[in-house]
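I'd like to talk through some side-chain contacts and some strand pairing, so let me put the model up.

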Amino acid sequence: MKVMIRSAAGKLSAYVPKKDLEEMIVEQEKAELWGGWIKLGNGWVLELPDMAVDTRLPVTVEARKRADE
């Protein structure tokens, strides 16, 4: 699914246009964000693609939602 990652006031958020959903990123696997998972405020866990560490935000990426555990 397409997800836009952006930063505002030093906090990261994710927007999913197809669901008209915007949530704060509350946890992330890797400090550099890319190539790991992120957890949104609503409990969703998304796998992000590998990208360069210096990728500028905002950026739209193709992410995968993990199956509910």
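This is a predicted model: local features need pLDDT of at least 70, side-chain atom pairs count only at pLDDT 80 or more; totals for chains, interfaces and linings use all residues.

So, which residue forms a salt bridge with Lys 2? That's Glu 62, and the closest N and O atoms are 3.5 Å apart. By salt bridge I mean a side-chain nitrogen of Lys or Arg within 4 Å of a carboxyl oxygen of Asp or Glu. The pair links distant parts of the chain, with Lys 2 in strand E1, residues 2–8, and Glu 62 in strand E6, residues 59–62, 60 residues apart. The strand labels are DSSP runs of at least two residues, numbered from the N terminus, and helices (H or I) would need at least four.

Residues are numbered from 1 along each chain as its sequence is written, and side-chain values use heavy atoms, with hydrogens and water left out.

Back to the contacts. The structure has three salt bridges. Another one joins Glu 22 to Arg 6, with the closest N and O atoms 2.9 Å apart. Glu 22 sits in strand E3, residues 21–28, and Arg 6 in E1, so this contact ties together parts that are 16 residues apart in sequence. Then there's Glu 47 with Arg 66, at 2.5 Å from N to O. Here Glu 47 is in strand E5 (residues 45–47) and Arg 66 is in the segment after strand E7 (64–65), so parts 19 residues apart in sequence are tied together.

Are these side chains buried or exposed? Take Glu 62: it's partly exposed, because its relative accessibility is 46%. The cut-offs are under 20% relative accessible area for buried and over 50% for exposed, with partly exposed in between, using a 1.4 Å probe and protein chains only. Glu 22 counts as partly exposed at 42%, Arg 6 does at 28%, and Arg 66 does at 30%.

Now the strands around E1. E1 and E6 run antiparallel and are joined by four bridges; strands pair if DSSP finds at least two bridges between them. Opposite Ile 5 you'll find Val 59 in E6. E1 also pairs with strand E2, residues 11–16, in the antiparallel sense over five bridges, and there Met 4 has Tyr 15 as its bridge partner. The hairpin of E1 and E2 has two residues between the strands, and Ala 9 takes a positive phi near 55 degrees there.

That's my tour, so over to you.
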